[in-house]
Amino acid sequence: MKNIHIYSDGACKGNPGPGGWGAVIQYGKHEKEISGGDVNTTNNRMEMQAAINALNMLIEPCKVTLFTDSKYVIDGITKWVEGWKRNGWVNASKKPVRNSDLWHELIAAAKDHDIEWTWVKGHDGNPGNERADTLASDAAIAIMEEIED
């Protein structure tokens, strides 16, 4: 099984507002950068999109270490999602789970892989996280510029 490192990050210019996501996928000496964005979104949605899109790039089951500065993504996928499934996608406050569409996508993207979800402190000099942050921010700025045109 291939060992893959993924660094993912999201950014939003306003929350909600124009947003971007970015990811760096590393396998041995190979590296691929991906990014994208949305006109009206939230930071949490962009954090999730980064992880989803990066995992969807993998064409076979892999051992993945996914680095993110989003506690929301890590806690959601490792702690909360099983309870949400049991409770019909209702949270502890008896309200519909926010971003359930993306949680379903993340579950599907992750299912074939052995993933270690790893939190990294944002803006703390980690090169992979810093690059993913730049990709996400640049994508958000590009969306803003599209809106202004």
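Modeller: Let us begin with S137, which touches A11 and K13, not counting residues up to four places away in sequence; contact means heavy atoms within 4.5 Å. This is a predicted model, in which local features need pLDDT of at least 70 and side-chain atom pairs count only at pLDDT 80 or more, while totals for chains, interfaces and linings use all residues. Residues are numbered from 1 along each chain as its sequence is written, and side-chain values use heavy atoms, with hydrogens and water left out.

Biologist: Where does S137 lie, and is S137 buried or exposed?
Modeller: S137 lies in helix α4. Its relative accessible area is 18%, so S137 is buried (under 20% relative accessible area is buried, over 50% exposed, and in between partly exposed, with a 1.4 Å probe and protein chains only).

Biologist: And which residues is D133 in contact with?
Modeller: Leaving aside neighbours within four places in sequence, D133 is in contact with D9 and H123. D133 also belongs to helix α4, residues 127-148, and is buried at a relative accessible area of 17%.

Biologist: Changing topic, in what order do the elements of the chain run?
Modeller: From the N terminus the order is β-β-β-α-β-α-α-β-α, with 4 helices and 5 strands in the chain. These are DSSP runs numbered from the N terminus: helices are H or I of at least four residues, strands E of at least two.

Biologist: How much of the chain counts as buried?
Modeller: Of the 149 residues, 48% count as buried. Among contacts between residues at least 6 apart in sequence, 66% join residues at least 24 apart.

Biologist: Now the helices: at what angle do α1 and α3 cross?
Modeller: The axes of α1 (residues 43-56) and α3 (residues 100-110) cross at roughly 25° and come within 9 Å. Axes here are lines fitted to C-alpha atoms, for helices over the stretch in contact, and angles run from 0 to 180 degrees between N-to-C directions. The two helices are therefore roughly parallel to each other (under 35 degrees is roughly parallel, over 145 roughly antiparallel, 65 to 115 roughly perpendicular and the rest oblique).

Biologist: Which residues meet there?
Modeller: Among them are M48, I52 and L55 in α1, and L102, W103 and L106 in α3.
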